[in-house]
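Here is my note on the model, as numbered points. Please read it with the sequence and the coordinates open.

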Amino acid sequence: MAESLRPQVLVVGGGPGGYVAAIRAGQLGLDTVLVEDGRLGGTCLIRGCIPSKALIHAADRFAGTADGGALGIGIAAPPSLDFGRTIAWKEGIVDRLARGVATLLVRAKVRVLQGWAVFSDAKTCTVETPERTVEIAGEHVVLATGSEPAELPGLKIGGAVISSTGALSLPEVPGRLAVIGAGYIGLELGTAFRKLGAEVTVIEAEERLLPRYDAQLTAPVRRWLERAGVTLHLGARVVGLGDRGELAVSLKDGSLITVAADSVLLTVGRRPRTEGWGIEAMGLDMVGPFVKIDDQCGTAVRNVWAIGDLVGEPMLAHKASAQGAMVAEIIAGARRRFDPVAIPAVCFTDPEIVTVGLSPEEAEAAGEDAVTAVFPLVANGRALTLEAGDDAGFVRVVSRRDNQRVLGVQAVGRAVAELAGEFALALEMGAVLDDIAGTIHAHPTLGEAFAEVAHLGLGRGLHI
């Protein structure tokens with residue numbers, strides 16, 4: 001006979017959306033059960049954001065050791081790479097953070113069940129744990145099942161064809177890596193493996209890299225890839241895979257080439273994880289492949305909530321976490337709705353890209369009479385000390401012409417990801433250019449460029 005649980009809150013999925021929802025619900029005194037079939041932390045912590053950034057950092061350190069460049073740093077022999085130790089270090093970070101999540105859940109008095117939840121109706125599921133069968137009926141259900149890598153027709157993940165998960169667990173650096181898809185996942189990992197010594201070829205169906213970012217932001221990334229010897233095939237499509245891993249690729253001009261590869265990294269997007277857990281029995285409304293929600297993350301069924309990648313773009317961990325915390329507070333009685341002014345996005349390529357709010361093109365499309373100001377990071381002392389060089393990148397601000405209200409901020413350059421919080425805060429607080437320009441920024445820091453670009457937007461540039 002199955003064990004029966006009747007919690008106030010049932011959370012399905014232990015990623016950054018689900019575990020934050022469960023922790024917050026527990027903090028608020030709600031009896032909460034979290035069901036996760038794998039390790040706590042989900043895609044982001046276990047096989048996505050965190051391990052990929054660890055690998056990117058290791059690759060950057062290795063490449064920097066191999067080429068001291070203008071710094072005058074040299075070594076007696078070529079640097080060596082023990083990739084097994086690199087992967088072990090990466091896994092150590094993942095393990096430490098996963099244990100931290102588990103500790104936080106215990107502290108919040110959340111009961112965690114390891115197993116796969118299958119729903120028989122909107123609020124009842126059965127979970128097969130390693131020890132027993134548990135039937136759970138929650139007063140509230142929070143769906144946080146996340147997403148999984150998308151595949152192409154005729155090109156499935158398996159063997160030489162790997163997803164980002166597989167790329168982060170390779171036993172050795174491949175001699176030749178083909179990356180299908182030039183979005184942020186493909187370029188982040190492709191850049192890392194190029195720095196680690198792989199020959200990298202990128203194949204993208206669109207006619208430019210990082211299609212979701214504007215061309216001005218992506219130009220420095222393309223220049224780095226070309227200097228690094230990464231082969232780019234844009235406006236190209238994979239039409240077949242040979243027995244030895246070679247790809248048949250149709251180029252923009254219609255010609256057909258063969259790309260040899262030891263590993264093929266498939267990064268053509270992600271899809272919501274909706275199969276295998278009984279979503280069809282729940283009576284939810286859908287918008288294409290995503291669960292339809294309102295501005296409180298409520299679904300078509302009362303007291304059933306959905307968050308994160310399951311509900312659509314942007315598929316970002318920090319969006320899921322914000323939604324999870326909000327839903328827990330709503331369940332506890334708070335009056336909340338999910339209406340952020342902007343959600344920052346970061347691409348950890350070389351150089352990095354940050355976008356928050358509207359780009360110049362998006363502001364124009366929205367009917368805004370906007371002013372755009374650009375401050376080159378080559379004029380920022382800290383950027384130059386980070387070996388940014390002449391192609392250092394820039395910080396760009398988009399503001400309304402009439403009242404100087406900030407509509408969007410973008411940056412491309414080394415380490416600019418660390419500015420994402422300041423950019424997002426400016427938009428969320430409704431900052432005008434004078435607020436930013438009048439804030440004393442520490443010297444020497446990259447943050448000074450944000451103040452400088454605000455001065456430029458006001459027509460009084462100081463250091464350019």
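1. Helix α3 passes helix α6 in a left-handed crossing, a label used when the near helix is turned anticlockwise from the far one by less than a right angle, right-handed being clockwise. The axes of α3 and α6 come within 8 Å and cross at roughly 35°; axes are lines fitted to C-alpha atoms, for helices over the stretch in contact, and angles run from 0 to 180 degrees between N-to-C directions. On the α3 side the contact is made by S52, K53, L55, I56, A59, D60, F62 and A63, and on the α6 side by E188, L189, A192, F193 and K195. Contact means heavy atoms within 4.5 Å. Helices (H or I, at least four residues) and strands (E, at least two) are DSSP runs, numbered from the N terminus.

2. On the basis of the note: this is a predicted model, in which local features need pLDDT of at least 70 and side-chain atom pairs count only at pLDDT 80 or more, while totals for chains, interfaces and linings use all residues. Residues are numbered from 1 along each chain as its sequence is written, and side-chain values use heavy atoms, with hydrogens and water left out.

3. The largest nonpolar core has 39 residues, of which L187, F193, V202, L225 and I353 touch the most other members. Such a core is a set of buried Ala, Val, Leu, Ile, Met, Phe, Trp, Tyr and Cys residues joined through side-chain atoms within 4.5 Å. Buried means under 20% relative accessible area, exposed over 50%, and partly exposed in between (1.4 Å probe, protein chains only). Elements that each supply at least two residues of this core include α3 (49-66), α4 (83-107), α6 (184-195) and α7 (215-227). Leaving out residues up to four places away in sequence, V202 touches V179, A182, L187, V230, T231, L232 and H233.

4. How many aromatic pairs are there by the ring rule? The count comes to three, where rings of Phe, Tyr and Trp (its six-membered ring) pair if their centres lie within 6.5 Å, and planes under 30 degrees apart count as stacked, over 60 as edge-to-face and the rest as tilted. The F83 and F193 rings have centres 6.4 Å apart and planes at 55°, so this pair is tilted. F83 is in helix α4 and F193 in helix α6, 110 residues apart, and the pair links distant parts of the chain. F83 counts as buried at 6% relative accessibility, as does F193 at 0%.

5. F423 and F450 form an edge-to-face pair, 4.8 Å centre to centre with 65° between the planes. Because F423 lies in helix α11 (residues 420-428) and F450 in helix α13 (residues 448-457), the pair ties together parts 27 residues apart in sequence. Both F423 and F450 are buried.

6. Five strands form an open sheet with parallel pairing, in the order β4-β3-β2-β8-β21; two strands pair if DSSP finds at least two bridges between them. β4 (111-114) and β21 (304-306) stand at the edges with a single partner strand each, so one side of each has no neighbour in the sheet. Strand β8 (residues 140-143) pairs with β21 over three bridges, and V142 has W305 as its bridge partner in β21. Helix α1 (residues 18-27) packs on the sheet, touching β2 (9-12), β3 (32-36) and β8.

7. Strand β25 (residues 394-400) has six of its seven residues buried. Seven bridges join β25 to the antiparallel strand β24 (residues 370-376), with A373 opposite V397. β25 also pairs in the antiparallel sense with β26 (residues 406-413) over six bridges, and there V397 stands opposite V409. The hairpin of β25 and β26 has five residues between the strands, and Q404 in this hairpin takes a positive phi near 60°.

8. Some backbone details deserve a look. The peptide bond from E313 to P314 is cis, with omega near -5°, and so is the bond joining D350 and P351, with omega about 0°. K109 is not a glycine but has a positive phi of about 65°; K109 is exposed, with a relative accessible area of 70%. C297 has a positive phi near 70° and counts as buried at 1% relative accessibility.
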